[in-house]
Amino acid sequence: MISEANKKRLRRSMMFLNCQKPGLIKDPYVYRPDSIMLDLEDAVAENQKDAARLSLYHALREINYRGVERVVRINGLDTPHWREDIRACVAGGCDAIRIAKTEGAEDVRQVEAAVARAEEEFGRPKGCTLLMAAIESARGVQELREICGASPRLFGVALSGGDYTKDLQTTITGTGVELAGARQLMVIAARAAGIQCFDTVYTNLEDTEGFRREVELDRAMGFDGKSLINPRQIAVVHEVYTPTEKEIIFAEKVVREIEDKRARGIGVFTVDGKMVDVAFYDGAKRTIALAKAAGVYTGEL
């Protein structure tokens, strides 16, 4: 059975790790990302796919990741590797699978069927393996609405900026202009489908200010989190996604007032001079969840 709580868990940071290098995947939990992305695709040389898959399986079976979500990026559906990738992921007990180069709902459904077969083959609980879709092309952006609604296993979609800009016949400029359309459409499609959305990696590790500005943009646009390539990026993401004291206080008031007014049949009211209705409830609860994750909330909600 698919867990809605698992689908909606907090995912501010999702750090990529190369499965070809066992030393990288043995203890990433010490950096406390919300999720790790164990990569079988681009980071792994073609002649090392089998070795990386075996390394992944043993890591999933033997390492205690201390509550950090374990997502695996499998090879593309246009390769001979993806079916065995899925079997290794499910047999090892990963939490989720990232579908590379997703261009339509059928890609999601094809992986969904393979995951269901693997769960049965290896005696895993039905529905325990979630999915996410990577959007890496103009076609993928065009098909976002269908992709986002393709499977109840799908918890989110993520932008892969490098491949996407290559498909657009442009490059990453640092201004964000080349990604603006895809980012906005992704947030809209994800929210309409009730799933999460994640922005692309920021590859210039020396430009810390540029990275912070991009994470601030992500949060302002409505992204749930960001893909990362280095542990030192985690703190910035978590800091940016940590609500301010003012935001936390307002969220507390909103939750309490909505729960009180709803019980009394009142639909619209004001909090600190702002008109509020039930539509504000989920956002306020998310603010409190973010504050709890950051260790800055000690309230009772």
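Reader: Which residue of β2 does M15 stand opposite?
Author: In this predicted model, local features need pLDDT of at least 70 and side-chain atom pairs pLDDT 80 or more, while totals for chains, interfaces and linings use all residues. Residues are numbered from 1 along each chain as written, and side-chain values use heavy atoms, without hydrogens or water. Strand β2 covers residues 35-39 (strands are DSSP runs of E, at least two residues, and helices runs of H or I, at least four, numbered from the N terminus), and the residue there opposite M15 is I36.

Reader: Over how many bridges do β1 and β2 pair?
Author: Pairing requires at least two DSSP bridges between two strands. For β1 and β2 the sense is parallel, and the number of bridges is five.

Reader: What is the average twist from one strand to the next in the closed barrel?
Author: The closed barrel has eight strands, running from β1 through β8 in order with parallel pairing. With angles taken from 0 to 180 degrees between N-to-C directions of lines fitted to C-alpha atoms, the twist averages 25°.

Reader: Which helix gives the largest share of the lining of the largest pocket?
Author: This pocket (on a 1 Å grid over the protein atoms alone, an open set of points with protein on both sides within 12 Å along at least five of seven lines, its lining residues having an atom within 4 Å of a point) has a volume of about 770 Å³. Of its 21 lining residues, R191, D224, D282, G283 and R286 are closest to the centre. The largest share, seven residues, comes from the helix spanning residues 281-293, which is α13.

How values were computed. 1 Å grid on protein atoms, 1.4 Å probe; cavity = no way out; pocket = protein on both sides within 12 Å on 5 of 7 lines; lining within 4 Å. Points joined across faces, edges and corners; volume = space filled by probe spheres on them.
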